[in-house]
Amino acid sequence: MITTAKRLDIIEEYYFSSKLREVRQLASEGKPIINMGIGSPDLKPSQAVIDAVVLAMQDENAHQYQSYQGLPELRQGMADFYQNNFQVALNPASEILPLMGSKEGIMHISLAFLNEEDQVLIPNPGYPTYTSVTNLVGAVPVFYDLKENNNWEPDFEALEKLDLSKVKIMWIGYPHMPTGASGSLELFSRLVAFAKKHNILLVNDNPYSFVLNDNPMSLLQVEGAKDVALELNSLSKTFNMAGWRVGMVLGNAACIDAVLKVKSNMDSGMFYGIQKGAIEALKSEKSWFESMNAIYRKRRILTEQLAEKLGCKVYKEGVGLFVWAKLPDGITSAENFINDILYDKSIFITPGTIFGSNGEGYIRFALCVNEEKVQEAILRITN
């Protein structure tokens with residue numbers, strides 16, 4: 001057999017790739033699975049977005065390769081979105097790069113800036129892809145703790161005690177996934193100052209700002225942030241376009257140019273129709289966010305009830321697309337806990353451990369199933 005690359009020895013298949021295969025197998029055997037594990041919105045984009053895509057299919061150049069930098073009007077739409085919602089001014093020609101999803105951006109950024117043995121500060125708990133991509137490019141993950149008693153924010157005193165001489169990138173993500181901690185501009189200011197002091201590229205992953213969050217923020221609102229920072233954003237959660245794969249990286253122009261060097265060698269541009277749909281989505285009025293949040297608010301109330309039926313304590317301050325909950329005292333394994341529920345009640349919930357060791361003792365529910373299904377889940381747990 002042809003041997004695989006050594007880099008595969010230090011990563012595993014993405015959790016949801018393997019776990020959802022297991023869940024689908026149970027469903028194929030007739031189990032009435034309620035999937036509350038993955039944050040894939042079940043709601044549709046607006047009709048205006050769908051109409052824009054359909055109309056674009058008839059455009060003369062709809063089916064050709066597209067620009068590596070995206071349509072100029074898409075970059076302008078992204079600039080307008082940041083100006084209108086965060087009061088952040090960005091040059092669409094040099095400070096914005098559309099991506100095929102922000103997840104891919106994690107790889108682009110890592111390839112653009114990391115050499116082997118460089119170190120990367122990664123939140124624990126945090127998005128697993130930060131770690132796997134760091135390993136894939138031969139760099140070294142250095143985990144920093146996020147704890148409930150510190151509102152899931154970094155302990156700067158502990159960070160300063162680390163040897164930071166080899167650290168090149170620091171990943172953050174507020175609103176935080178998986179906990180839902182909202183962060184603050186004060187926190188962002190401290191992080192920018194920390195990055196400047198230690199010459200670290202600070203990258204904020206920001207796809208959840210408009211879901212059940214009264215105070216959307218961008219890292220780029222901090223004065224001087226562009227000197228050291230990039231921000232990833234996505235249309236997946238905000239506009240129910242997860243499967244479309246539309247994201248963006250914004251910030252420092254020189255850094256954006258470096259990312260483009262990588263990206264332009266890895267894809268051949270985003271499908272024209274998707275770009276047209278994204279342009280329409282970015283024009284959405286405030287009523288769009290309000291209508292989505294009205295639905296998610298009802299789901300959150302029910303999901304919190306479900307968590308409490310399981311004996312969990314909900315992190316009430318959380319915002320975004322998930323409910324984060326602490327397991328009852330005496331439960332020693334989040335993975336065993338969710339597997340028991342999966343096989344006994346046919347409800348799939350995510351164990352906190354997939355986000356890092358500090359996720360032990362916690363589970364995460366996605367708000368991506370309708371109210372009827374959450375009520376059905378509550379009944380299954382009650383009976």
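Start by selecting strand β7, residues 229–234, in this predicted model. Ala229, Glu231 and Asn233 point one way from β7, while Leu230, Leu232 and Ser234 point the other way. Side chains in a regular strand alternate between the two faces of the sheet. Now colour β7 by burial: six of its six residues are buried, so the strand is largely enclosed by the rest of the structure.

Strand β6, residues 201–205, runs parallel to β7 and is joined to it by four bridges. Then show strand β8, residues 247–251, which runs antiparallel to β7 with five bridges between them. Here, Asn233 has Met248 as its bridge partner.

Move on to another sheet. In what order do its four strands lie? Follow β9-β10-β13-β12, an open sheet with antiparallel pairing. The edge strands are β9 (313–314) and β12 (350–351), each of which pairs on one side only. Zoom in on β9 and β10 (residues 322–326): two bridges join these antiparallel strands, and Lys313 stands opposite Lys326.

Within α10, click on Arg300. Is Arg300 buried or exposed? Its relative accessibility is 8%, so Arg300 counts as buried, the cut-off being under 20%. Show what Arg300 touches and you will find, among others, Leu212, Val314, Tyr315, Phe322, Val323 and Leu367.

For the last stop, select helix α12, residues 371–382. Its 12 residues reach 16 Å from the first C-alpha to the last, close to the 16 Å expected. Which of its residues are buried? Highlight Val374, Ala377, Ile378, Arg380 and Ile381. Now look down the axis of α12: these buried residues fall within an arc of 160 degrees, so they line one face of the helix. Their cover includes α10, which you have already visited, along with β1 (34–35), α11 (334–345) and β11 (347–348).

Finally, go to the N-terminal end of α12 and select Asn370, which caps it. A side-chain oxygen of Asn370 lies 3.2 Å from the backbone nitrogen of Glu372.

Note on methods. Residues numbered from 1 in each chain as written. Predicted model: local features only at pLDDT ≥ 70, side-chain atom pairs only at ≥ 80, totals over all residues. Heavy atoms only, no water. Pairing = 2+ DSSP bridges. Expected span 1.5 Å × (residues − 1). Buried < 20%, exposed > 50% of the residue type's maximum accessible area, 1.4 Å probe, protein only. Arc of directions from axis to C-beta. Contact = heavy atoms within 4.5 Å. Polar contact = N/O pair within 3.5 Å; in protein donor to acceptor, adjacent residues only side chain to side chain. Lists of a residue's contacts leave out its neighbours within four places in sequence.
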